[in-house]
Every structure is written in C-alpha cells, then in structure tokens.
Amino acid sequence: MVEFGKKLKERQIQEWQGYYINYKLMKKKVKQYANQIETGALERRYVLKDFSRMLDNQIEKIVLFMLEQQGVLASRIAVLNEQQYALQEEPDISKISELRESYRAVGQDLLKLLYFVEMNAIGLRKILKKFDKRFGYRFTDYYVKTRANHPYSQLQQVFKHVGFGAVVGAISRNLADLQDRQGSYLSIYDQPALPLQDPVVDTIKSAVDRLTHSTNFLNFLGQHALIMHEELPSPVEEHVDEERYHFMSLILNLANTFLYMVNTYIIVPTADDYSMSLGAAPTVCGIVIGAMAVAQIFSSVYFSAWSNKSYFRPLVFSSIILCVGNLMYALAFDLNSIWILLMGRIFCGLGSARAVNRRYISDCVPLKIRMQASAGFVSASALGMACGPALAGLLQTKFTIYNITFNQDTLPGWVMSVFWLMYLVWLWISFREPAREAEDSPVQQESSAEQDKLEKGLVEPLLLTSTENEQDDEDVSEEAPEESRRPANSFADAYRLLTPSVKVQLLIYFMLKYAMEILLSESSVVTTHYFGWTTSSVSIFLFCLGLTVLPVNIAVGSYLSNMYEDRQILLLSEIVVFLGILFSFNLFVPYSVPQYVGSGLIMFVAAEVLEGVNLSLLSRVMSSRLSRGTYNGGLLSTEAGTLARVVADATITLAGFLGQSQLLNITLLPSLVICIGSIVATCCTYNSLY
C-alpha cells in the first residue's frame, strides 16, 4: 500500500505544492526524535517544544495561503458583481449566461481550496497520531486544545473558516439572482426555504459539511445506521453513476427494514401468554423472542455475502422465509406445539435482510442523498419498533375460521404473513436490480484502496484522531503486501483489525443492546406479575418507549452533538444507563409502577442516546478495510447487538426457573455488571476517542 506521504504528493494541486504540509519532513523528524531520545541526546521536554514549533510553522503556512486565496476569490467575485450591476440596466441573455459560468468557475476554485484544507488537515491529524503512538504521549489532545482556544490561534481560522462561508454565500446569492433574472427579484435571503438548486453550490456545501464535520440530525442518524461511506472527495465535482440508483428500490429496502422491526416486536406483549397456552412457563417468552435473534446471527453473514452478487434475490428469499416463519408461528397454537412456535421464530430470523438493506444504501444510493437514505433507514427501524407493540395491542380479538384459531397470540403471525406476501408482490413488480460494475483492473483496485485509506479522514473533525488503519502508524515501505489493501474475508481477519478503541465501542454496543432487550422482552412478564397489566397496557408502554427514539435522536443530533464531544456524551450516557438499571431493581416493597416506568424510561432513553454516539465513534475509529466487503463494520456491530439480544433472552428464560418474583433482579444484575465494565473500559480508552 502506498503510504500517505506519497499519496499526498500525488494528489496535490501542482501550482500549490509549496503550501502543503511537509509530511515527509515531519515524519523523518519524529524518527529522529525517537533515535535521539534512545541515545540520551535529547530531553523529552525539548522534543515537545520543538515539535510544537514545527506544527505551528506548518499551520501558519497553510492558513496564510488559505487567507490569501480567499482574498483572490473575493476580488474575483467583486469584479463579477460590478458586471452584474451593469447588466441590471442593460440586460443581455448571452452576457448573463457568461456571468453565471464565471461565478461557477469561482465556485470550482473554491472547491479546490476546500480540498486543499482537507488534505492538510488529514496530514496534521496523521502526524499527530504518529507522534503520540511513537512516544506514548497524549500530545494531540493538549496541542489542539491549547492552539484552538487561544485568541490568536491560526487553528481557529481553519475551525471557524468564516471566510469560506462568506464566499459560499456570495456565490449562492449571485447565481440565484442570475437564475431568476427573468422572474422574481427576491434574494435567497428572502426565501431561505427555497434553496438554489445549482450543482456547483450543492457540491461546495457538501465539501464545507465534510470540512466542519457538522453533526446535524441527518448526519447523526446516518452514523447511527453505521452505513459505511467510501467516497473520497475530489477537487472537481463528483460524478455519480445514476444507473445503479432506483428510487422505488430504495423505498422497498426501507419498507423491508420497517416490516422486519415490526415483525420483531409485535410478539413481545403476548409472547408470555402464548407460551403458557402451549404448556410452557411464561418466562419461556425469552427463548421465543430470542430465537429470531439466534437465527439472525447466521443470516447476517450469508445475506451480507449474497449482497455482493445481488440485491433482488436476497430480498425475495427473505420475504418468502418470513412469510413461512410467521405462518408457522400462527399455526403453532392449533397444533399445540411449542417447537413449531420456536421454528417459526427461527425462520423469521433467517429472513433478516438488514445487511442487504444497509449494503444497498452504501453501494447504490448517490452520495448527495446517501445521508438522507441512512437517516431513513434508522427512522424506519424506530418506527417499526414502535408500531410492532402498538399493532399487537389492536389485535385483541378471538374468532375461529375452519377450525383455525385467530386470537391475540396467533394474529401477529397471520397479519405479518399477509404483510410479507404483499411486500413480495410489490418487490417482484417494482424492484430494479442495479447494474453490477465490471471487475476492477489492478490500477483501479489500487486507486480504490488509496481512496478507502483516506476517506475516513475527510469526514472527521480537523486534526482529530483515531480512524486510520493501524498500518498508517507504522513506518512501512512504499509498497505493502496486497493483503493489506483487501477487505477482511473472515471474522478472524476482521477481529485482527480491531483496535482497543473499537473493541470497547463494540462492548458498549453489546451492553446497551443487552439492557434494552432485557427491558423489552421481560416487560410483559414483569408488569403482569407486579402490576397485573393487560396485553393492551404492555403494548401502550412499549409503544411509548419506541416513540422516544426519533425525538431523542433529533435532540442529540441537532443540539447535544454541537455542544459537547461525542466521547463526553458517550460517558455521560453510560452513567445514566447505569443509574436507570440501578433504580430498576426491586429493593423496596411494594414495587411501584412509577419506579418501573420511570427507571425503564431513563435507561431506554439513555441507551438510545448512547447508541447514536457509540455508532458515530465506531464509524470513526474503525479501520477503513472494514468499510467494505462481507465482513464489514456494519456486520460486526449487527453481530454484537444480535449476540447481546440472544444472551439477554436466554438469561430471562434461565432466571425464570428461580421464580417470577426473582426474575427482575436476576436479569438486571448482569446488565449492571456489564455496564460498569463498559464505563471502566471507556475511561481507559477515553483519550483515544475523538
């Protein structure tokens, strides 16, 4: 693999070569420092001072050139504005067209400047991480904080980049004025809800968003979905292969996500009652609910591999299997067989095509709307989670047709089998299989590998750290083995790519999914035992919990993430989850509804906040080799979460042998222990989470 220094040189804008970070020199300097410290020729205090001075000089060079180029762009816009004023008195269609192209040319040059800043930011972040790893310091945190917070900091020029906003605003406003020359003379500032649909402006805004790492609601939800983005921005406008994208196919993938989540949670309010009607203990509901998750552990792998060749066929197979599984679940009542009930849920788990849904968005949706599609994926999941229990609450009836029983236990199976059959027909009629790209040539593969290597850095906060492949931190030769460029082709390969930070984030994901599954799956048994709740009451409780998902994500994505670092929100959310679990224990008699509902709501909401920032951090600290292939980061997180659900549901069933009065405390105890462990692990890796 070509190292970063060589890639930086190859991708430089030639006329600006002298203004880029001198990455090669600084890397040599780090080696020199290490050798001199080993021989005792230098003190560490001198190394820190000298390295800080070098970084200051490099940043000053970059920032002064950036300001100079902003001035050039501003001067060009001023000249174009004078020409536009002249055209107001004597309109000329041909001159208006030429003027618009001139503004677009300025926009293209602004894109080059944004790309210049991004590349330098990646270089600074990489050299800081290399320095930290070589000397075992936490120098990056210190350097960024001291420089960014100083009133005369040149890093502020990059972080705030007020000049960029002014130039973008000027280009947008003037292009809008020229576009509307024959109609309304209202400015874009008068009608902010009607943004200019000019490709140049759209591309510039996307570049600015990458540069600032803005955490708006859509961006936050997109990270929540952990859909890997592999595109590397270029100094010229990107061209997207629209042939692979089909709007109705995207809608079908989102519908599949929604229906699967409905299918998962529609049985939760009645699973204990169904188990008892078949002669089993009510706590067997843990196995009934968890059987779907057990099968999903395996289905995620083969669906992820299958999506390398097709999207349509896996979705068809998924729909058929889910239809059959729900029919088995419904018929188990009349056949009086708990085993058929479990087999039906296993079949439903084998039909889990969430890996295909994620992969379709990652591979086939154009970059300009991919964040919206990712947000749609999360929203569909949240809506399905809320609608499942609500739908179960509406199915409180009983009747018989041809000796087949339809009641609150069996109707979820019948209803979902009909939904999946309807979905299959819709899928068959409307889905369009994307065209498969031809095999990459060796040159294309190398280019793709280089882009994968850099793409993480371009979507992260400037100078902040920890997403590079571990090989970036080593002083490798100009060419590395071919295997170092390939995606992981087994779980063992994927595991070897996991750094301590990634392992901790996966542990946190396991913890929050375990705690949420305990709360949801045992809710019917616990509330019936302590409070005598009916199925309708349990459905309303679970429905209300599900409704909190989107508002919580809006609050975190739009507000909290802009005020606090992700790692701060992460640690605080873990502590709140810990408190929610602690308050849920039955330590006082009698156990009250306000205590159960309040503690459950605190834990669930905190877990939702935690899931968002956890997956956001996971997408940044994970190796770029895990952004593609079958064994990708999305699959690893799915497997961790699914395994947590399996363990939680098994815990409920095993704890049931000790009696329902002990169920709550026994199942909460592992949640508490795992939560404490995740908090300790987070504190140990806190300084590596940016």
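This is a predicted model: local features need pLDDT of at least 70, side-chain atom pairs count only at pLDDT 80 or more; totals for chains, interfaces and linings use all residues.
Residues are numbered from 1 along each chain as its sequence is written, and side-chain values rest on heavy atoms, with hydrogens and water left out.

The secondary structure of the chain consists of 27 helices and two strands. Helices (H or I, at least four residues) and strands (E, at least two) are DSSP runs, numbered from the N terminus. The chain has 690 residues, of which 57% count as buried. A residue is called buried under 20% relative accessible area, exposed over 50%, and partly exposed in between, with a 1.4 Å probe and protein chains only. Of the contacts (heavy atoms within 4.5 Å) between residues at least 6 apart in sequence, 84% join residues at least 24 apart.

The chain exposes about 29000 Å², and carbon and sulfur atoms supply 62% of this area. Accessible areas were computed by the Shrake-Rupley method with a 1.4 Å probe; for residues, only the protein chains shown count as cover. Helix 24, residues 566-584, gives the most to the nonpolar patch, with four residues. Isoleucine 602 lies in helix 25, residues 593-621, and is partly exposed, with a relative accessible area of 37%.

Helix 25 also holds valine 613. Valine 613 counts as buried, at 0% relative accessibility. The C-alpha atoms of valine 613 and leucine 570 are separated by 6.1 Å, although these residues are 43 apart along the chain.

Rolling a probe the size of a water molecule over the atoms shows where empty space is left. A search of the whole structure finds seven cavities of 30 Å³ or more. A cavity is a set of points, on a 1 Å grid over the protein atoms alone, where a 1.4 Å probe fits but cannot get out; lining residues have an atom within 4 Å of a point. Grid points are joined across faces, edges and corners, and a volume is the space filled by probe spheres set on the points. The largest cavity has a volume of about 470 Å³. This cavity is lined by 27 residues, and those closest to its centre are Met261, Arg354, Tyr509, Lys513 and Glu611. Two or more lining residues come from each of helix 10 (247-265), helix 15 (354-364), helix 16 (367-394), helix 20 (500-521), helix 25 and helix 26 (633-655).

Serine 381 lies in helix 16 and counts as buried, at 10% relative accessibility. Apart from neighbours within four places in sequence, serine 381 is in contact with Thr257, Met261 and Arg354. Its C-alpha atom is separated by 8.2 Å from that of tyrosine 260, 121 residues apart along the chain. Serine 299, in helix 12 (residues 285-306), is buried at 0% relative accessibility. Serine 299 touches Gly349, Leu350 and Ser352, not counting residues up to four places away in sequence.

Side chains of opposite charge can pair when their charged atoms come close. The structure holds six salt bridges, each defined as a side-chain nitrogen of Lys or Arg within 4 Å of a carboxyl oxygen of Asp or Glu. One of them joins glutamate 15 and lysine 112, with the closest N and O atoms 3.2 Å apart. Glutamate 15 lies in the loop between helix 1 (4-11) and helix 2 (23-38) and lysine 112 in helix 4 (residues 93-135), so this pair ties together parts that are 97 residues apart in sequence. Lysine 112 is partly exposed, with a relative accessible area of 21%.

Glutamate 517 forms a salt bridge with arginine 645, the closest N and O atoms being 3.5 Å apart. This pair links distant parts of the chain, with glutamate 517 in helix 20 and arginine 645 in helix 26, 128 residues apart. Glutamate 517 is buried at 3% relative accessible area, and arginine 645 is buried at 11%.

How values were computed:
On a 1 Å grid over the protein atoms alone, a cavity is a set of points where a 1.4 Å probe fits but cannot get out, and a pocket is an open set with protein on both sides within 12 Å along at least five of seven lines; lining residues have an atom within 4 Å of a point.
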